[in-house]
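Dear colleague,

Please find below the sequence and the structure that I am handing over to you. My findings follow directly after them.

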Amino acid sequence: MRVETRRGTPAEARAALFFLAPGLFVIVFFFLLPIAASFLLSVTDFDLYALADPSNARVTGVSNYRALLSDPVFLTALKNTLVFVLLGSPLTVIVALSAALLVNARLARAKGFFRTTFFAPVVTTLVAVAVVFRYVYHPRFGLLNRGLTLIGLPAVDWLGDPRFALLAIVLLAVWKNFGFSTILFVAGLQGIPESLYEAARLDGAGGWQQFRRITLPLLAPTMLLVGLTRTIDYFQLFAEPYVMTSGGPLNSTLTMALLMYKEGFRFWNMGRGAAIAFVLFGVILVATLIQFRLQKGGET
Amino acid sequence: MRRGVKRLAAPFAVNALLVLGAALTLAPLVWMVSASVMPTGEASSFPPGFIPSRITFEHYRDLFQRLSLGRAFGSSLLLASSVTFCSVILNSMAGYAFAKLRFPGRERLFRLLLLGMVIPVQIAMLPLFLLMRSLGLVNTYLGVVLPSAAGIFGIFLVRQFARSIPDELLDAARVDGASEWLIYRRLVLPLLKPVLVTLGVFMFLGTWNDFLWPLVVLTDDTKYTLPVALANLVGEHAQDTELMMAGSVLTVLPVLLLFLGLQRAYIEGITAGGLKE
Amino acid sequence: MARGRGTLRRALSPGVLAVLLAAAACARGGPGRGAVRLWGLGREGEVVKELLPAFHERYPGINVEVQQIPWTAAHEKLLTAFVGESLPDVAQIGNTWLPEFRTLGALEDLGPRVARSSVIAPGSYFPGIWDTNLVEGVLCGVPWYVDTRVLFYRKDLLAAAGVAAPPRTWTEWHDALRRLKARAGPGRWAILLPTDEWAQPVILGLQNRASLLTADGGDAAFRSRAFREAATFYVDLFREGLAPAVANTQIANVYQQFAAGDFAMYITGPWNLGEFRRRLPASLKDAWATAPLPAAEGGEPGEPGGPGVSLAGGSSLVLFRSSKRSDDAWKLIEFLSEPAQQVRFYALAGDLPARRDAWRDPLLATDAAARAFEEQLENVAAPPRIPEWEQIAQKVAEHLEPAIRGVATVDEALEALDKDVSALLTKRRWVLAQKAAHAR
């Protein structure tokens, strides 16, 4: 961060207030305040009875959180969300990096076209895509199984088999999101000076060595950015399971965000729903910190 | 991967992989379009076909006439435009202030705000809904627009970009007696144009594709946005594959076109903003 | 409208923005002020629009706006609308949800209106169905159409398997299923029982006279002998390979598969009378039929339910307390409850009339497939009428699924279900205790 070289005038400070006020008002009033309220909700048992008669709401302290910890459905949702992030994040990074390396390669043609193609899924509406993939994943009529059987692999009941449903959603998420990260990686790759590779080649280093010694380390900041954004995003997985599987089969695609929605809006157990949301927040915070430390610490 | 030795196989391999990657990426979208013009029942026939036996637009007709998806299209358009309009203004003002206006506590406030980017938006949803209720904004477009009228990410994007505006330019204008607002309008905004385009496209895309909040806030089906209307459709017409695909095409096409038209500016904006730390 | 182009956007004056936002804010008023708003769920929401021209002829001054909501989102839409104070005037509500909305105080007590009405009289309705609309003695809704579950089956496949008549008891049923499966072979089944549907296991429980919950609905009773027998019978159908362990989301097209003979029996409701006729190929027109559910042979005498019962389901029309046009809305409800309209509705939607006199109409009297429903409707029982039932019902299906897939035993599944539901009912027990304390 740059250090200010000159101090501002009072007029500037007043202007800053004016410039910041509308935006900050919206953020405080429609984002931060509800978050605080959510925390308050999470320590009550506000539910349908309370909706009928507010005196039916009791302050219950941490009992919502305690109940969650012993609730098998919540633990399943937590597990599913973690698995999704642990599978999806690295997979997206690998696919995005590979695509970026290909697009950026000297020998590649029509770079603009391929870059646009890879980005196309990112701008598509998630609900629309989830609907399409519901049919792509169909055990008999779906594209994916057709492709698999063509190359001799067995057909899979992607959305119906509890073992594969989450994987199906991971694949969808990777498909949808890798383009964004690809763009970031391409920009990062282009920031690496060609002279470094020249020098390495003169020293006799092969392709793989160049990749390991030059590309990866210099790409580290981009990796960090991509990794963090993917992680934060994937923890909030909601629309895909909502549209495609409703959290099933056997709750294998039930995520924390989906569970929160069900508890809060379908059954109006708002106290519980808020508690789930906060646990999700806590998990994201911890995961982000861990990832930050790991990736930053790796670059020494 | 860069190779020192030029081989005929190398360019072929790279480009073949690219073509394969593009094919895999585009396959679901191509099928979506193809299925949307297939006659009823063909998309879920076995063996599954890729190319329609004949092209029919009956499903699109159905969507517009019987299922009023045109109205949902209009809703999405209105909401996306309104949010884009508001957020570009509000976010650019705040972003500029964080970048170029000097006031005590500026950096600390900004860092605090950044922390907020980690918070999942769903936490706020339940109380936000209750807040909207007390404001009488449930089932209104305003209720959908207001929470997105400004956002931490937008402010962050503008601030990163605005930092590159030379201080000397601004100070010279101040010495000339121009007010801060005049400086912002006449001097800064034109310079911010690239990031504003990026922000605009980003907010338009985001609002157009937004699902959960409109789902919760809008109870009138006359106000449904396209994603909500589409999800509604799945609830009742899951058996009608071709109809669902037509609905998806209708939802996806506008933003795809918007992106294709503005992709250069959009991508440049992301990479410029994303990589500066 | 400007789209993402900075300069164009800046060209729009703030005035235009103000007008836009004001218009949007006022959009809540919506078109057609003074119209009666009706929410229809699922296909009924689509179909009811066709009955309205006749209503408008009779009452030209009353406009009706219909909004159609899919069943999958209906529950949350209704609750959200209640909280957001944007409920319609009249709505179709599944009768298992009536207790919930009564607890919320959302529904108007229709007793006085019915007493004054010349169209609606309790005696003209199936008693089991009318009962479901009485929550704590208050009439919360008027039954609109009835839903119960009966057996749909392929006559031809049953005959080919050597079974002359549809089964009347669980034993006969089990036997028939085994024969059907033997004939169908691998990759096909005897009966389709979607694992995410709670109706089937609950019906079987009710048939076996299981009470499901304690008398005041304060605690779970899924480990009773009666329910365990029923659950075991149900799970065994899957274990023996007679039914596929699939949920509704995995069935692409149930009609195509029924036509193909992938399964020969299906427990479902009246809407499928119309759907089967529409979607099955013409060659199979006479190949299927309906029959009342086979009766259990066990259970505790004196408990609710009884052999051969099915669910007293269906939808009611309710009037919301928040409605500003309740008199007009009531006229709409009366209109839809007239025998002639009930018959018309049946003709359009395939939903069976809740009024017995509507069944005299030749349309229904001569319909062989509908006759099974009439028979069944005289023998229906309702699940416990408490607000939490919706959640509990889902848990029944959820907890039985592991047992179905062989991941848990029936006992384990029932124990988990019991614990889960008991925890769910904690608040209810507290509320009941409060009420009892205040009453003293």
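In chain C, the centres of domain 1 and domain 2, taken over C-alpha atoms, are separated by 27 Å. Please note that this is a predicted model. The domain assignment of chain C gives residues 36-148 and 312-366 to domain 1, while domain 2 holds residues 150-310 and 387-435.

Where the two domains of chain C touch, 13 residues of domain 1 are in contact with 10 residues of domain 2. On the domain 1 side, helix α6 (residues 98-103) of chain C gives the most, with three residues. By class, that side has four nonpolar, five polar and four charged residues.

Chain C also contains an open sheet of four strands, in the order β8-β9-β7-β10, with mixed pairing. Strands β8 (191-192) and β10 (288-291) of chain C each have a single partner strand, so they stand at the edges, and one side of each is left without a neighbour in the sheet. Strands β7 (residues 150-154) and β9 (residues 265-268) of chain C run antiparallel and are joined by four bridges. Within this pairing, Val150(C) has Thr268(C) as its bridge partner.

Finally, I turn to the nonpolar core. The largest one has 323 residues, and those touching the most other members are Val127(A), Ile276(A), Leu280(A), Val90(C), Ala190(C) and Ile191(C). Helix α3 (residues 69-100) of chain B provides the largest share of this core, 17 residues. Leaving aside neighbours within four places in sequence, the contacts of Ile191(C) include Leu177(C), Leu237(C), Phe263(C) and Met265(C).

Yours sincerely

Technical notes: Residues are numbered from 1 along each chain as its sequence is written. Chains are lettered from A and ligands numbered from 1 in the order in which they are written. This is a predicted model: local features need pLDDT of at least 70, side-chain atom pairs count only at pLDDT 80 or more; totals for chains, interfaces and linings use all residues. A nonpolar core is a set of buried Ala, Val, Leu, Ile, Met, Phe, Trp, Tyr and Cys residues joined through C-beta atoms within 7 Å. A residue is buried if 20 or more other C-beta atoms lie within 10 Å of its own, exposed if 12 or fewer, and partly exposed in between; C-beta atoms are placed from the backbone. Helices (H or I, at least four residues) and strands (E, at least two) are DSSP runs, numbered from the N terminus. Two residues are in contact if their C-beta atoms, placed from the backbone, lie within 7 Å. Domain bounds come from an automatic or database domain assignment. Ala, Val, Leu, Ile, Met, Phe, Trp, Tyr, Cys and Pro count as nonpolar, Asp, Glu, Lys and Arg as charged, and the others, Gly among them, as polar. Two strands pair if DSSP finds at least two bridges between them.
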